[in-house]
Amino acid sequence: MKWLLLVVVSLAVGAASYLAVDYTRFLDRPVALEDAQIYEVPAGASVRRVARELSEAGLLEHPLYWEFYARVEADSTNIRAGEYRLDPGLTPRSLLALFVSGRTVQYSLTIPEGWTFAQLMAAVRGHPHLVQTLDPEEDREIMARLGRPGEHPEGWFYPDTYLFPRNTTDLQFLERAHRRMVGVLDAAWADRQPDLPLETPYEALILASIVEKETGVPEERDLVAAVFTTRLKRGMRLQTDPTVIYGAQITDGRLRSRDLRTDGPYNTYTRTGLPPTPIALPGGDAIRAALNPADTEVLFFVSRGDGSHQFSTTYREHREAVIRYQLGGDASRYPGSARR
C-alpha cells in the first residue's frame, strides 16, 4: 500500500508539474495566426464563451487554460466588447490584455472644413460602419435629439477626423461632433476681442462660416474677418457670394446676375447684416479669426486667381485691384459697381 501510495503521489506530482509547465508555455506561445484578423467580442460575452469561440477558430489550443488564467488574473469580468485586430505574435497573455484594454478597431470619418450640413449627413449615411438610426426625412429634428430643439443644424458640427468603434450610431457620431463645436465656440467666444459687432456666439458661428467659405489661404482668415467686421460696424452690406450660393442652393458654384438681384434671407447683396444661419461648418481657425479679426479697416478684397486675395481700404484701390486681377488690366470692362 505504501508503494502504491508513493506511485500515486509521484504520478500526481509529475502530472501537476507537467500541467504547470504546459500552462506556462501555453500562455507565452504565440497563438496560431498567420495573418492579422478581426475578432469581435460580443456584448455581454463570458470569458468561457470567448475562449470557446477562439478555440473553435483554431486560435487557442487550450481554452480551459486561458479561461483559468483570466479568472486567476481577476480579468474574467473585465473583457470589453468590440472588434479587435489580432496580429501574428499575439500570445494568450497579450490576447487577454488586449480584450481588457478595450483597444478596439477604430473606423474613421473626416468632416472637411467648409462642408455643409447636407454634405455631412450624406457622408454619415454613407458610412458602412455607422449604425443608421435617424430618419432621412427629419434632419431638422436632429438638433432636438441633441438637446437644441428649434435650432437650425447648419454650422453646429465641428470639422475634424473622428475615430469610432463598430456599432457607433449616427446620432452618437453627431453628438460627438456637436459637443466639440460647442466647446471650441465657447472657448473662442470667451477669448474674443472687445467691441465686436456680434451679440452672441451664434452670430460668431455665422460669421465664421462665411470666413471659412471665403478663403482657402489660412493666413488671410483674420483679414477676411476684418473686412466683414468693419462692414458690420458701418452698417454696410457684406456682399459675399457664398451666402447667395447657399441660399439659392446653387450646386455648381456658378453665380448669375439674377441670383445677385433676387432678394432672400441669404442674399447679402440685397440685405444688410448677417444671414439667419451659418452657411457651412467652420473650423477652429475660422472661428477664432471671426472673433479676433486683424487690426485693420480693410473693406474690400478680390481674388488674385491663385487662391489668395488683394485687400483694399478704399473703393479706388479695390477698383484698381479688380481691373488688374479680374479684368486683365482692361479698365473699359469694369462694371458700374463692384461686388465687393
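E67 and R48 form a salt bridge through their side chains, at 2.9 Å from N to O; the term means a side-chain nitrogen of Lys or Arg within 4 Å of a carboxyl oxygen of Asp or Glu. Because E67 lies in helix α3 (residues 63-72) and R48 in helix α2 (residues 47-56), the pair ties together parts that are 19 residues apart in sequence. Helices (H or I, at least four residues) and strands (E, at least two) are DSSP runs, numbered from the N terminus. With a relative accessibility of 6%, E67 counts as buried. Buried means under 20% relative accessible area, exposed over 50%, and partly exposed in between (1.4 Å probe, protein chains only).

## Basis of the description

This is a predicted model, in which local features need pLDDT of at least 70 and side-chain atom pairs count only at pLDDT 80 or more, while totals for chains, interfaces and linings use all residues. Residues are numbered from 1 along each chain as its sequence is written, and side-chain values use heavy atoms, with hydrogens and water left out.

## Other salt bridges

The count of salt bridges comes to 17. One of them joins D87 to R85, with the closest N and O atoms 2.8 Å apart. D87 is partly exposed, at 32% relative accessibility.

R271 and D263 also meet in a salt bridge through their side chains (3.0 Å, N to O). R271 is partly exposed at 36% relative accessibility, and D263 is partly exposed with a relative accessible area of 46%.

## Helices α5 and α7

Helix α5 (residues 117-126) and helix α7 (residues 170-190) have axes that come within 10 Å and cross at roughly 140°. That makes α5 oblique to α7. Axes here are lines fitted to C-alpha atoms, for helices over the stretch in contact, and angles run from 0 to 180 degrees between N-to-C directions. Angles under 35 degrees count as roughly parallel, over 145 as roughly antiparallel, 65 to 115 as roughly perpendicular and the rest as oblique.

On the α5 side, L120, M121 and V124 meet D170, F173 and L174 of α7, where contact means heavy atoms within 4.5 Å.

## Helix α13

Helix α13 (residues 315-325) has H318, A321, V322 and I323 as its buried residues. The buried residues of α13 pack against the strands β7 (300-303) and β8 (309-312).
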